[in-house]
Amino acid sequence: MTPLTNDFEAYVLDLTKRNNRTLMFLMGATVLAAVSFLVFLLATIGIDLPQSLNTLMRGDANHALSAANVMANVAVGAALRVWYNRQDKMTTLLTHAMVLDGEKETAIRVLLNKKINK
């Protein structure tokens, strides 16, 4: 294996690890957003909530809605990060294949286009 291939494999492995961490964050934020919205709906309907939830919301259902909004925004941010990481991984795979095929000039153009358009 060439040093370029070793560096490439390490980079792809790092991108995959980052993507997996972000996916876990995305799932957690989505679940918390759903739970917060459910608590808001229950409080709005008038169902008695446990004392711990009433203490957490300080007696106002809008606090639960705000928490649901924050968690939904965090989930959207995590989803965008996952998408950008996948795009970066695909560009890296493409340029590595070009370099291995001997089309170094085209690979450099792809990488420069990626950097310029950021």
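Predicted model: local features only at pLDDT ≥ 70, side-chain atom pairs only at ≥ 80, totals over all residues.
Of the 118 residues in this chain, 25% count as buried, where buried means under 20% relative accessible area, exposed means over 50%, and partly exposed lies in between, with a 1.4 Å probe and protein chains only. The accessible surface of the chain, computed by the Shrake-Rupley method with a 1.4 Å probe and, for residues, with only the protein chains shown as cover, comes to about 8500 Å², and 65% of that belongs to carbon and sulfur atoms.

Residues are numbered from 1 along each chain as its sequence is written, and side-chain values use heavy atoms, with hydrogens and water left out.

Turning to the fold, the chain has four helices and zero strands, these being DSSP runs numbered from the N terminus, H or I of at least four residues for helices and E of at least two for strands. Among contacts with a separation of 6 or more, 64% join residues 24 or more positions apart, contact meaning heavy atoms within 4.5 Å. Helix 3, residues 61–100, has 40 residues and reaches 59 Å from its first C-alpha to its last, close to the 58 Å expected at 1.5 Å a residue, the expected span being 1.5 Å times one less than the number of residues. After helix 3 comes glycine 102, whose phi is positive, near 90 degrees.

Now to helix 1, and to serine 36, which lies in it. Is serine 36 buried or exposed? At 14% relative accessibility, serine 36 counts as buried; its side chain reaches the backbone oxygen of leucine 32 at 2.9 Å, and, leaving aside residues up to four places away in sequence, serine 36 touches Ala64, Ala67 and Ala68.

A nonpolar patch on the surface is formed by Phe37, Leu41, Ile45, Ile47 and Leu65, with about 440 Å² of accessible area together; such patches take residues with over 30% relative accessible area and no salt bridge, joining like charges within 9 Å and nonpolar side chains (Val, Leu, Ile, Met, Phe, Trp, Tyr) within 5 Å. Helix 1 gives the most to this patch, with three residues, and isoleucine 45 is exposed at 65% relative accessible area.

Finally, the side chains of aspartate 14 and arginine 18 meet in a salt bridge at 3.2 Å, N to O, the rule being a side-chain nitrogen of Lys or Arg within 4 Å of a carboxyl oxygen of Asp or Glu. Because they are four residues apart in helix 1, residues 3–45, aspartate 14 and arginine 18 are separated by about one helical turn.

Conventions: Polar contact = N/O pair within 3.5 Å; in protein donor to acceptor, adjacent residues only side chain to side chain.
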